[in-house]
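Visitor: I would like to learn how to read an interface and its salt bridges. Please take me through it step by step.

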Amino acid sequence: MGSDSRPEQVPDEDGCRNESSSEMQSIHFKSPDAGQASPEFTDPLNLGMAEQLHYFRGLVESATDGLFVLDEQGRFEYANPMGLDTIKWPKDEVLGYHFLKFVSPDYYLQAMKAWQDAVAGNSGTFELEALQGDGSKQHLLIGYCPLKLSGSRKYSINFLDIGSLKSLEHQLRCSQEQVNSLYQQQNYYLHQIERQYYKLLENAGYIAVILDEEGVYVYSNPAAERCLKLEQGQLAGRHICEIMGPEQGPQRLAIIQDILTGNITHFEDLLLVDGKPLYLDIHCWPLPVEDGQKRKVLLFAADITESKKTQEALCQSEELFRTIFDSSKDCIMIWDRDYRFLYANTSAVTFMRRQQSQVVGHSLEEMLAWNPDYLAQWKGRIDQVFQTGQSERVEDKLFYEETEHYSESVLFPLRNGHNDIFAVGAVYRDVTDNRRAVKALAESEHRFHSLADAAFEGIIIHDHGIIVDCNRRYAELVGYSREELIGRNGLNLIHPDDRKNMHGVHQHDYPHPYMSRMIRRDGEIRTVEHHGRPVVWEGRQLRVASVRDITERQKIEQELTETRQRLQELHRQMYMGSMSAFLAHELNQPLTVMELTLSESLQHCDDTDNGRAIRKTIENNLRQIQRATDTIHKFRRFFKMASFDTEQIISIEPVIQRVKMSLMDLAAQIQMDIVLDPSLKDLPDLIFSDLAMEQICVVLMQNAVDAADPNKPNRLVISGRVAEHGVELSFADDCGGVDCGVCDRIFEPFFTTKSGSLGLGLEIVRRILLACGGSIRLVNEQGKGCCFIVRIPFTVQ
Amino acid sequence: MKPGENKRVCFVDDEADVRDAVAMILSSQGYAVRSFADGQECLTHLEQQDCDLLITDIRMPSMDGMMLLSLVRQRCPDLPVILVTGVGDIPMAVRAIKIGAADFLEKPLRRDELLHKVRKMTTNDPEEPKPIPIIHRGIFVDLTDSEWEVMWMILQGKSSKEIADFQGRSVRTVEVHRAHIMKKYHSDNIVDLVNKYWSSLR
């Protein structure tokens, strides 16, 4: 600042030491760099002395540089405000003091040199470190020049604050040092890296070779030699045509030229090594050229033979999958985020009734424009899979082409190598037929269940006793609900004594009906008949069984058996009664004759010895007759014909039905059809005996069965009508009838035309009817059949 | 004068020896006896000639005694008919009396009993004891409730065992009641008892 060519005048600020001001006559400047004395000062403004003084004082006081004036001893005589402000010393501690007071001891030497130089009449600049009033230090660039004033020599100095400059200079120096250090480090590291690269190259799995522009191998790592089936060190120095052969070599030379020109940086190559393909993935660069050396290229090659094979396999696999996809009956589609079709297999294209080119690359919106709701639904699904990355299974029901269509789809994300979802795929299947089939199956199942539920028999499906399903009847049978039964072990419902047998049945798939006792929920024991067979259901070997509650049937059978036994007993009694009656009758007749004749003879015996002897004899005979009579009475009473309770109200048809049931087996054997005419149902109830009615029916129906010819079909028709005062039943058969010669005798006791028969059946019937006021008669048609007509009064007489 | 003078008796039985024996007994007492082997012959005879008494066996091959009785009852309502039956056939006896049989005779016939009943049926003897009234205005006379119940079942033709089973009593108890009933109505057998009962209703 003070060192430029601007003229300066140092005024006396407050009059203190103003003698110096008054002594200032002219100012001489010397350029700092020239080091020469300044030219003579002139008064360009043509001012008077006082005015000049005032002018210069103003300039100096307001200068922005620090300006000082030193006397001959080096003491400060003047300092302008900026100077004082810069060095941060008060004026009174500056003026009159030697300049060294304000110089850092490290810069004494420079300061003294400059002082000597100034004393010698030279101007110049130097740097020093000033000690400031606040204790801090500051770098200053000092300019100095001698002042040629009258009578004395003064020296002016000005300074520039170069603290920042110094700092920058220091930083620059540090930076240079750091750069140098870094440069050294870089060289070191480069060297290290070079070594490491070399090691890497030497140990690398990939191939590294350096070739010069003429195709000579400059460097090759062991991997390269291994790949080319060469021993270590055999590659370097050899020409590529020598290694690759005359066919492959020239092509590679051309490639080297392209690498050198930067046209190729990456390529794949196929070499034949020992006749086997070797795929290489090669990255290549031209190497920096050093003066006087040939240009070189560096090639890094990875053996991608396996990956190539894998890729080929993948391509084949992809092709295979594509073929599979295309031949799939399911529609397979892939969309990107914009719902654009990336792929659609043949089924999908066909389903959409378009060409492949009309689908792939086109938006889903085009395909589903006809149904905006459906389109929105699918777009939402695709968006969701993109967002969640989760597969989604959906079902749709659409109405088109005048029918309902059902479909099932699975949407799934497709991810790239970074595991990012780049597309969403869907497998769409039209399951309308399936649904219809399922619906039909469900309906069929429902019908089956309805049928099963409507069945009178319980039906159960079980897996070694564990109930898989059952119908309502079975549930009712055991007293549990169907839901309670499913999953339960059915064997637990069987009476403990029967479980072993039941287990055996399950084990051996016993095919025939078998009986067991079943314990109901309420503890009641029912007798049931099982009839099972194995079935396969959903791949499981199960067993289905019908379960019939035969408790009532057993009861009825038991009652029937008891009734039959009772009937047989009754029959026996009636036979015996009938026989005893017959015997009694047959004996009574001669006894009557003897009794009457002897009694009459007794009347004629006189009172002579002879007469008394005859009387005695007759009386003796009469006692024997009485004895015989008593015996007959006892005999008759013992075998008296059983009587019936004839005060029951009976329905005829059920009785006949019951008898028919008891004869069914026998009738089937001789091809006899026992027909109960509907008229039987219209007959009124009778006050009669159930057993007697049954006895009559048994005898008459049994007679027809006995008379039947087993070699031809036979028929017995039982009908009824209301007659006068009673009911008339007709038992008409076509079993050949009765021989006319014996027609009158068939009601006689012990008369029979059958071997092994007592001939008392019709006698019994006759006696029953005789006892109740009824009757029986025969309408016979020899050779064709006979008809017994039984009349029973409404009430027993 | 023999008790059977001027009395005509028809006797029907399919056994000739029995017919002869009965005819001999009755003839010895002065009865004019006509014997028939079956009911149809008897009916034919009765259409032509009067008769004071008809005795018929029940058990006959072609037309049994019950049938004959019912037919005779239609044609000759006043002709007394004695049925000859086997041992203790109570239901038949009950039914026969309901149809209109005058009395019963049990085989083998005894001379005295035969003559007694024939004489009783053919003679309007004022000395003949009137039938003991069993029922008066629908009420059994002199019978306890238990006896009445037993009596009613006897009339239904039930045996003592059946009555005992029905009433839940022992056979012995029923037999005791039965004996009391017999004693009260001077009957020695059920047929007679039933006969008296129906006679009291007429």
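Guide: Start with buried area: the accessible area (1.4 Å probe) that two parts lose on being put together, summed over both. Between chain B and chain A about 2,800 Å² is buried, and carbon and sulfur atoms give 54% of that. This is a predicted model, in which local features need pLDDT of at least 70, side-chain atom pairs count only at pLDDT 80 or more, and totals for chains, interfaces and linings use all residues. Residues are numbered from 1 along each chain as its sequence is written, chains are lettered from A and ligands numbered from 1 in the order in which they are written, and side-chain values use heavy atoms, with hydrogens and water left out.

Visitor: How many residues does the contact take from chain B and from chain A?

Guide: Contact means heavy atoms within 4.5 Å. Chain A gives 33 residues and chain B gives 30. Polar contacts are pairs of N or O atoms within 3.5 Å; within protein, one must be able to donate a hydrogen and the other to accept it, and residues adjacent in sequence count only if both atoms are side-chain atoms. Between chain B and chain A there are 6 residue pairs in polar contact, both at pLDDT 80 or more. Helices (H or I, at least four residues) and strands (E, at least two) are DSSP runs, numbered from the N terminus. On the side of chain B that touches chain A, α1 (16-28), α4 (90-99) and α5 of chain B each give two or more residues. The most comes from α1(B), with 7 residues.

Visitor: What is the count of salt bridges between chain B and chain A?

Guide: Side chains of opposite charge can pair when their charged atoms come close. The rule here is a side-chain nitrogen of Lys or Arg within 4 Å of a carboxyl oxygen of Asp or Glu. Between chain B and chain A the count is 1. Glu600(A) and Arg111(B) meet in a salt bridge at 2.9 Å, N to O. This pair crosses between chains, from helix α16 (residues 551-603) of chain A to helix α5 (residues 111-122) of chain B. Over all chains the count is 45 salt bridges.

Visitor: Are Glu600(A) and Arg111(B) buried or exposed?

Guide: Buried means under 20% relative accessible area, exposed over 50%, partly exposed in between (1.4 Å probe, protein chains only). Both Glu600(A) and Arg111(B) are buried.

Visitor: Which parts does the salt bridge of Asp498(A) and Arg517(A) tie together?

Guide: The N to O distance is 3.1 Å. Asp498(A) sits in helix α15 (residues 496-507) and Arg517(A) in strand β18 (residues 514-519), so the pair ties together parts of chain A 19 residues apart in sequence. Asp498(A) is buried at 12%; Arg517(A) is partly exposed at 31%.

Visitor: How are Arg436(A) and Asp433(A) placed in helix α12?

Guide: They are 3 residues apart in α12 (residues 432-454) of chain A, so about one helical turn separates them. Asp433(A) is exposed at 56%, while Arg436(A) is partly exposed at 40%.

Visitor: Which residues of α12(A) are buried?

Guide: Thr432(A), His449(A) and Ala452(A) are buried there. Their cover includes β14 (403-415), β15 (421-430), β16 (458-463), β17 (466-470) and α14 (482-485) of chain A.
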